[in-house]
Amino acid sequence: MRFPGRTERRLALLFVLVATIPLVTSIVVARYLTNATLFLFYNPEVVGELERSLSVYSELAQTMKAGLRAKADAIAAQEPLRAAAILRDGPSIEQELASVFRLYPDIVSITILAPPEDQEVPGQESQGKQPLDPGDSLEQRESSNGEPELIPIGYRDRGWPIDEVTERKLEVIRPLDTRDRAPILKVTFAAPRAMLDNITRASEFLREYQLLGREQRTVERWYLRAYAALVGITIPIAVLLGAFLARQVTRRINTLVQAIQDIGGGDLSLRVPVEGKDELTFLALSFNRMLGELHESRARIEFLGRMGTWQEMARRLAHEIKNPLTPIQLAVQECHRRYDGDSKPYRKLLDTTREIVEEEVGTLRRLVSEFSNFARLPRAELHEDDLIIFLREQKEKMAFTEDSEEVASQLQGVSLSWYLPEGPIQVAFDPMLLHRVLNNLLANAAQAIQRGEQGKGQIRVEVRGESEWVSLDVEDSGPGIPPELRERIFEPYFTTKTDGNGLGLAIVKKIIVEHGGTIEASASSLGGARLRIRLPRAGTPASLVALSHSGSQSPPSSALS
């Protein structure tokens, strides 16, 4: 497994920080908000105030109950009532109870209970029996002592029921005597319901509120545990994701670095893969574009260097060939002129020799002239102008020079079509040299159609505008160019014609290269060949470079006289 590089480690750490810092910050903020939220629901100061308020209410209630118990004790302490109850004297009990109601108007009812006279109390003699609290309720008394059911021996109420909305019953039970089987006094008072209910609700609310306070820390701990678990899950995911994304980035960077190292070795044909839609994608596109421009520039430089070498060789060759041509021709003519003998065979030999020599000397002179023209080929002087206007002029004036007259004669019987856009297209070009290029391509197309012997042929000239380039296509319906020869036809002295010298397309390519453009051969939809010229639009980087080199070097000097 490859150890991550420094950039990968830094990017992975960056992803971890980007993922962790907001999370830790959110934990701190969430803890603060949780505490603040819980503080809104549970405030210790509120608990203290509630406890103090409840204590006041409780004291008030206890005071009220103590007062009721004191009244019950006072009633139970009345000797006439006690005596009547012990004797079970019904009329006396009723009389005494009526007097009690007159003294205590807040009494709802009074009941005197006693066990039946003929019933024994089980366990009466048992020792260790716990004494009863005088404030115990009747139910507590029965359950504590196991005494039998009591029966009422006296009862009186105020004559109307209590108001359930504003009043509440409170019962106080007091024994009328300390002896066993003594009667019991049960007094029911009417107490204010609001105060007692408020005490009950306050007690319940205080218990719930205190429970919330006890659960506050539990909730906070659970929040912290949940966030801690989230941090524990997020950090490994951030590390893995950061490592993955960092490797994707560094892999593409390493590809660029490796490509730069290979380019340093001279391999300009290398291209880096274009992936994604980010800045590295733009960098890869720019890098590939730069490599393409470098490759084309090197190819131009190499081609122009070869052409310069061929021009120098053609100049010297033309000079070496031209010098002996005239003496050779003059010598043969002098031999033919001075012979005055009668030998017909010899005369015929002289005539044939002179004809052959003059014919070959003429061929060599034409070759020398072509070599001289090639050697004196001027360098392009570029000026920005409308290419469409120039081509329309070429269309109308095919007989502008002798070369154009020759081309016009070759186009006899050939259908020539022009497809030019309406709008202007500004291009930096040399009108004279571009005229020569166009004539050469049209002449080659016409000759190809004639060699094909296909009857009336077609030639199409079409211009297409692109974003930074302009393409000029010259297509014909001839036999076409074999794919294996489409690169070699632009080399000097390479030709497939029996009467050609192989300089025409080489000169065309040199002119186009000096314009900052390219030329290539391919198959045409007409069935023959298509030669496509691409020239840079005015103002583009390629056009500016071509303008900067325009006329910077003078054409090679010729030694031809």
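Strands, like helices, are DSSP runs numbered from the N terminus, a strand having at least two residues. The model shown in these views is predicted.

**View 1. Asp473 in strand E9.** Strand E9 spans residues 469-476 and includes Asp473. With a relative accessible area of 1%, Asp473 is buried, because buried means under 20%. The side chain of Asp473 makes a polar contact of 3.2 Å with that of Arg464. Beyond four places in sequence, Asp473 touches Arg460, Val461, Glu462 and Arg464, as well as Arg530, Leu531 and Arg532.

**View 2. Helix H9 and its N-terminal cap.** In helix H9, which comprises residues 387-396, the buried residues are Leu387, Ile388, Phe390, Leu391 and Gln394. These residues lie on the same side of H9, because the arc they cover around the axis is only 160°. In an α-helix, residues three or four places apart point the same way, because there are 3.6 residues a turn. At the N-terminal end, H9 is capped by Asp386, a side-chain oxygen of which lies 3.1 Å from the backbone nitrogen of Ile388.

**View 3. Met432 in helix H11.** Met432 belongs to helix H11, residues 431-452. Its relative accessibility of 53% makes Met432 exposed.

View 4. The average pLDDT of the protein is 78, and 85% of the residues score at least 70. Where pLDDT is low, the predicted coordinates should not be read in detail.

Notes: Residues numbered from 1 in each chain as written. Predicted model: local features only at pLDDT ≥ 70, side-chain atom pairs only at ≥ 80, totals over all residues. Heavy atoms only, no water. pLDDT = per-residue confidence, 0-100. Buried < 20%, exposed > 50% of the residue type's maximum accessible area, 1.4 Å probe, protein only. Helix = DSSP H or I, 4+ residues; strand = E, 2+ residues; numbered from the N terminus. Arc of directions from axis to C-beta. Polar contact = N/O pair within 3.5 Å; in protein donor to acceptor, adjacent residues only side chain to side chain. Contact = heavy atoms within 4.5 Å.
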